[in-house]
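Hi everyone, thanks for coming. Let me put the structure up on the screen, and then I'll walk you through it.

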Amino acid sequence: MIRVGFIGLGHNGIGHIEAHRRVGKSEITALCDRNPERLEAASRKFRIKRVYRSAEELCAQSDIEAVSINTGDQYHVEPLLAALEHGKHIFVEKPLANAVDQVETIIAAVRGANPGLKIAVGYILRFNPVFEAIYDLCTTGELGEIYYMEGDYIHNLLYQANQTDTFTGVNWYLGYEKPMVGGGSHPLDLLRWLSGVQVVEVAGYSNHRAFPAMKHDDCQVALFRFDNGAIAKVAALYGPRTGMAPYYNLRLYGTKGTVERDQVAIAKDEGDVHPEFRPVEADRISGHPYDREVEDWLDAIQKDRSPRCDIFDGANSTIATIMAVEAMAFGTSLSVPIYTP
């Protein structure tokens with residue numbers, strides 16, 4: 001059993017604790033949150049007595065082998081650096097960070113840390129069975145060369161206007177959330193993973209109409225250019241008067257086939273110019289597959305292999321969306337760095 005400490009006990013933190021309990025490959029040793037009410041509530045709910053207000057203090061505990069970081073996007077740096085310093089395996093929720101300098105700080109620290117540490121970034125769409133099946137279609141070449149992609153994070157998040165932290169008095173979503181980073185990095189990571197290529201340039205536009213309480217523009221649309229010449233469009237909308245777009249409006253266009261959401265059409269031969277769509281052969285699930293994501297990280301630790309989305313892969317998905325927001329602000333296209341070990 002891997003002894004794990006949890007830092008950040010909001011919605012995702014609680015969800016991951018519950019997933020760890022279902023998976024049964026870890027022992028939840030300690031909890032940490034700066035909000036004392038939230039910390040006490042989680043301690044009672046899960047009957048975990050060891051609690052800390054400081055990430056540094058939790059990470060300094062010698063019996064804790066791994067930490068799960070589920071703080072707000074811009075607050076990942078401090079606990080992640082503390083975990084690296086004390087030699088802990090790390091799961092960190094997506095996006096990796098909220099600004100370019102934060103990503104750079106994290107990557108520099110990782111390069112100077114123990115290379116044996118297993119660090120996973122929580123891009124959970126990679127664990128959806130439908131997307132896993134589409135990944136297989138891509139990697140086996142059944143779709144041919146992918147030249148254009150789309151994915152959207154269109155989600156009515158107006159309720160977040162009422163989620164002010166009772167301890168700090170801050171509403172993180174209104175003051176700091178960048179839709180293309182916090183939401184759009186989900187489909188962008190999916191497109192990167194499915195295509196297996198890297199973003200090298202981005203441009204975009206945004207407006208601020210549907211969710212005026214947010215500091216950042218609530219409608220953000222970006223075009224990404226990849227190192228093989230492929231192009232992708234990602235839209236992130238936080239104020240639509242509708243629910244989440246099914247399967248993130250996924251579109252993949254290859255020289256042999258096309259994917260639209262959870263449907264696929266593959267040409268039998270060059271003369272088959274109008275292949276029929278059929279459902280992707282995979283289970284349909286609702287909600288986030290936390291259990292599979294958690295198990296992948298724990299298995300990576302136990303079996304000494306890389307997690308499905310390691311720190312450099314996660315950083316590349318995050319930095320591309322951060323640069324997209326920068327490109328929108330500057331009104332120009334920007335180059336995107338690529339991080340490698």
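I'll start with the ground rules, then go through a sheet, a helix, some backbone details and the salt bridges.

This is a predicted model, so please keep in mind that local features need pLDDT of at least 70 and side-chain atom pairs count only at pLDDT 80 or more, while totals for chains, interfaces and linings use all residues. Residues are numbered from 1 along each chain as its sequence is written, and side-chain values use heavy atoms, with hydrogens and water left out.

Let's begin with the parallel sheet. Six strands make up an open sheet, and their order is E3-E2-E1-E4-E5-E6, with parallel pairing. At the edges stand E3 and E6, each with a single partner strand, so one side of each has no neighbour in the sheet. When I say strand or helix, I mean DSSP runs numbered from the N terminus: E with at least two residues for strands, H or I with at least four for helices. Two strands pair if DSSP finds at least two bridges between them. As a reminder, strands of a sheet pair through backbone hydrogen bonds, either parallel or antiparallel.

Now the pairs themselves. E1 and E4 run parallel and are joined by four bridges; Val4 has Ala66 in E4 as its bridge partner. E4 and E5 are also parallel, over four bridges, and here Ile69 is partnered by Val92 in E5. Between those two strands the chain crosses through H4, and this β-α-β crossover is right-handed. Right-handed means that, with the strands pointing away from the viewer, the path from the first strand over the helix to the second runs clockwise. Moving along, four bridges join E5 to E6, again in parallel, with Glu93 facing Gly122 of E6 as its bridge partner. A right-handed β-α-β unit is made by E5, H5 and E6 as well.

How many residues of E5 are buried? Five of the five, so this strand is largely enclosed by the rest of the structure. Buried here means under 20% relative accessible area, exposed means over 50%, and partly exposed is in between, using a 1.4 Å probe and protein chains only. His89, Phe91 and Glu93 point one way from E5, while Ile90 and Val92 point the other way. In a regular strand the side chains alternate between the two faces of the sheet.

Back to helix H4, residues 77-85. Its buried residues are Val77, Pro79, Leu80, Ala82, Ala83 and Leu84. They pack against E1, H3, E4, E5, H5 and E6, where contact means heavy atoms within 4.5 Å. After H4 comes Gly87, with a positive phi near 70°.

There are some other backbone details to look at. Lys94 and Pro95 are joined by a cis peptide bond, with omega about -15°, and Pro95 sits in the loop between E5 and H5. Arg47 is not a glycine, yet its phi is positive, about 55°. You'll find Arg47 in the loop between H2 and E3, and at 77% relative accessibility it counts as exposed. Tyr247 also has a positive phi, near 50°, and lies in the loop between E10 and E11.

On to antiparallel pairing. E8 and E9 are joined by eight bridges, and Asn207 stands opposite Cys219 in E9. E8 is also joined to E15, by two bridges and in the antiparallel sense.

Finally, the salt bridges: there are 21 in the whole structure. The term means a side-chain nitrogen of Lys or Arg within 4 Å of a carboxyl oxygen of Asp or Glu. Asp304 pairs with Lys118, the closest N and O atoms being 2.8 Å apart. Asp304 is in the loop between H10 and H11 and Lys118 in the loop between H5 and E6, so the pair ties together parts 186 residues apart in sequence.

Next, Asp313 and Arg192 meet in a salt bridge at 2.8 Å, N to O. Asp313 belongs to H11 and Arg192 to H9, so this pair links parts 121 residues apart in sequence. Both residues belong to a network of salt bridges that also includes Arg126 and Asp189.

That's my tour, and I'm happy to take questions!
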